[in-house]
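Please examine the sequence together with the structure shown below.

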Amino acid sequence: MRTKELINNNKREVKDVFYLIALQGLNYVAPLIVYPYLMVTLGAEKFGYIGFSMSFCTYLMLIVDFGFNLTATKRVALYKDNKSKLNEIFSATIYAKILLLAISFLILVLFSFIPQFKVYVTTMFVVFLMVVGNAFSFVWLFQGLGNIRLVSIVNTICKLSIFPITFFIVKYPNDYLLAAIVLSSVYIVSSIINAIIIWHKKWVSLIRCKIVSVKQEIKESYHIFLSNAATSIYTASFVVILGYFASPDEVGKYAAVDKLMRAMSLLVLMPVTQSFYPKVSRLGKQDKLGAIHLSDKLLWLVIVGMLCIAGGMFFFSDTIVELLGSDYADAELLFKIMAFVPLFIGIGGVNGQLKIVAVGNSENLITFKRIYIAAAAFALVLVFILVPKFDSVGAAVALLLTEFLVAVGMSIWSRNKILCSWK
């Protein structure tokens, strides 16, 4: 009965969810096929170069995004009928991203001089194209305007295009730079197409805006940025820290399992949060309890999907490793340890993004940030204790425990603090 009610009351969003699941299914088919192909073709060492560089550039993406994918999306959803205000939000966000992109490139240059990372330098500069493309993806604008389907189609087509290109040009371990170029070019091409769509539809115009407006957008996203930066401690930096203490082979094994796990997790989580985030944001202004109840129903749907992923990873780990080849012979344990991570990602993601961020106020954003900062501190202690002794297995255990802590923290806060304060 609750499921029927959910569908009847949110027909557009439910359609978007199924639409996005189909698109994201194709979207994530690409990494779920291309990454295993690269893992086998390049071997653990050369795939480790790519895995390390992509993890490092994930940090830079976080700097450029600066939380705009949540805060700017929410502001666009609230002011989408006010063209003047919408232009201001769009322009200030773009100018802020350009500034942050320049800072990110400077950070990349500085890190290239660290001796332990010299083996990855060339790959890092190639993969930086992902950061550039991601800076101008405009997903936050499409999502806020309720056109998430359109941008998803573009991203899906671009990602599917890497199938024939990758299989055609990447055939030997030394082709790892070509692989990095292909993976990065997807972001550039999709951002160009998205920009053309925005220009053709005339949704917004890039206008001159005051520095105050740019500062305002950065200020609005500050707490989300700190939360994302803290999250990157265990979503991206584990690979970087592993690269410092362990061999590229160990980096490659961990990066391989982590990427497959996250691709499957996002296939379940992202369609739900992207489709319902604008509606939950608007509903939160009128009926906060109703927004929370809607989020609760979505949470159970996500939990069911994540349990399916967990079962697949745990019980079929041996089969997956056999398909990947001898270079990944010791990765079964990594699959089993990380099998339960998707469940905690789903619980923390829905409670955090839909309940605390979409419905909450600025004080709730501070708490959202504090949960992730606490988790990041916990993760750093664990990873520096476990990785030097247990290499990739230590990183996997640290990731599991950290995601569990985030899930518990988000659940407790969203239920006991936010909901109770509205009763």
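Contact here means heavy atoms within 4.5 Å. The structure is a predicted model, in which local features need pLDDT of at least 70 and side-chain atom pairs count only at pLDDT 80 or more, while totals for chains, interfaces and linings use all residues. Residues are numbered from 1 along each chain as its sequence is written, and side-chain values use heavy atoms, with hydrogens and water left out.

Helices are DSSP runs (H or I, at least four residues), numbered from the N terminus. Consider helix H5 (residues 121–135) and helix H9 (residues 176–201), which pack at an angle of about 15° with their axes 7 Å apart. An axis is a line fitted to C-alpha atoms, for helices over the stretch in contact, and angles run from 0 to 180 degrees between N-to-C directions. Because angles under 35 degrees count as roughly parallel, H5 and H9 are roughly parallel to each other. Among the residues in contact are Val126 and Met130 of H5, and Leu177 and Tyr187 of H9. The residues of this contact divide into 12 nonpolar, 6 polar and no charged; Ala, Val, Leu, Ile, Met, Phe, Trp, Tyr, Cys and Pro count as nonpolar, Asp, Glu, Lys and Arg as charged, and the others, Gly among them, as polar.

Helix H3 (residues 68–79) is mostly covered, with 9 of its 12 residues buried, that is, under 20% relative accessible area with a 1.4 Å probe and protein chains only. The buried residues include Phe68, Leu70 and Val76.

Turning to cysteines, Cys57 is buried, with a relative accessible area of 1%, whereas Cys308 is exposed (over 50%) at 58%. The count of disulfides, pairs of cysteine sulfur atoms within 2.5 Å, comes to 0.

Notes. Helices (H or I, at least four residues) and strands (E, at least two) are DSSP runs, numbered from the N terminus. Angles under 35 degrees count as roughly parallel, over 145 as roughly antiparallel, 65 to 115 as roughly perpendicular and the rest as oblique.
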